[in-house]
Amino acid sequence: MDRFRLALTEEEKSFLKTLVRLSIASRLAEKDIEPPKPPTELLTRELGAFVTLTLDGALRGCIGNVVGRGPLYQTIWSMARAAAFEDPRFRPVSALEFDALSVEISILGPVEPCPDPALIEIGRHGLIMTRGARSGLLLPQVPVEWHWNREQFLAHTCTKAGLPESAWQDPGTQILWFEAEVFAENS
């Protein structure tokens, strides 16, 4: 797998971070507005993306699309609202929490079958574990944040899919991998 590199400018990153805030703020204000047009053509590409929200260092919402289904800037707009208001693990974000939220955006490269789990690099690869109707995804930054090794990353991705921790070793389980460009408000 060639390393995925999406050369975003600081202007493009700033636009996307502002877009996340605007999307959430307009929903909190109950204003139905369209996302502003992006400053560059790159932000209209169809790419998968996740928006992660944290509050005081704890996860507050994370929703995304693995594969692009429309222009990137519109995906970010929708995923920001979904992370803030539709993540089933959390109650909707309140206006009181809004200013204290931290935003992280992950733009996904192509998803491909992982040829060998020994090739997985912590911090470089994100994983999707699938077997039957079960599927679970962890972004590349997750094992770094939790100080996991490769086997722990594989096991936790299985758990996220509702599978036994050792399911990654089962030939009936498919391991997919991807890379992502990840940036946060403070980066």
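In what order do the 4 strands of the open sheet lie, and is their pairing parallel or antiparallel? In this predicted model, the strands of the open sheet follow the order 4-7-5-6, and their pairing is antiparallel. The edges are formed by strand 4, residues 112–113, and strand 6, residues 134–138, each of which pairs on one side only. Strand 4 is joined by 2 bridges to strand 7, which spans residues 174–178 and runs antiparallel to strand 4; within strand 7, Trp 177 is the bridge partner of Glu 112.

The largest pocket has a volume of about 770 Å³, and of the 28 residues that line this pocket, Thr 52, Leu 59, Cys 62, Arg 89 and Val 142 are the closest to its centre. Two or more lining residues are given by each of strand 1 (48–55), strand 2 (58–65), strand 3 (101–108), strand 6, helix 4 (141–146) and helix 5 (150–160), with the largest share, 5 residues, coming from strand 2. In terms of residue class, the lining divides into 14 nonpolar, 8 polar and 6 charged residues.

Glu 97 is placed in helix 3, which comprises residues 95–98. With a relative accessible area of 9%, Glu 97 falls under the 20% cut-off and is therefore classed as buried. Residues up to four places away in sequence aside, Glu 97 touches Leu 55, Arg 60, Arg 91 and Pro 92, and the side chains of Glu 97 and Arg 60 are joined by a polar contact of 3.0 Å. Glu 97 and Cys 114, by contrast, are separated by 17 residues in sequence and lie 39 Å apart in space, C-alpha to C-alpha.

Notes: Residues are numbered from 1 along each chain as its sequence is written. This is a predicted model: local features need pLDDT of at least 70, side-chain atom pairs count only at pLDDT 80 or more; totals for chains, interfaces and linings use all residues. Side-chain values use heavy atoms; hydrogens and water are left out. Two strands pair if DSSP finds at least two bridges between them. On a 1 Å grid over the protein atoms alone, a cavity is a set of points where a 1.4 Å probe fits but cannot get out, and a pocket is an open set with protein on both sides within 12 Å along at least five of seven lines; lining residues have an atom within 4 Å of a point. Grid points are joined across faces, edges and corners, and a volume is the space filled by probe spheres set on the points. Ala, Val, Leu, Ile, Met, Phe, Trp, Tyr, Cys and Pro count as nonpolar, Asp, Glu, Lys and Arg as charged, and the others, Gly among them, as polar. Buried means under 20% relative accessible area, exposed over 50%, partly exposed in between (1.4 Å probe, protein chains only). Contact means heavy atoms within 4.5 Å. A polar contact is a pair of N or O atoms within 3.5 Å; within protein, one must be able to donate a hydrogen and the other to accept it, and residues adjacent in sequence count only if both atoms are side-chain atoms.
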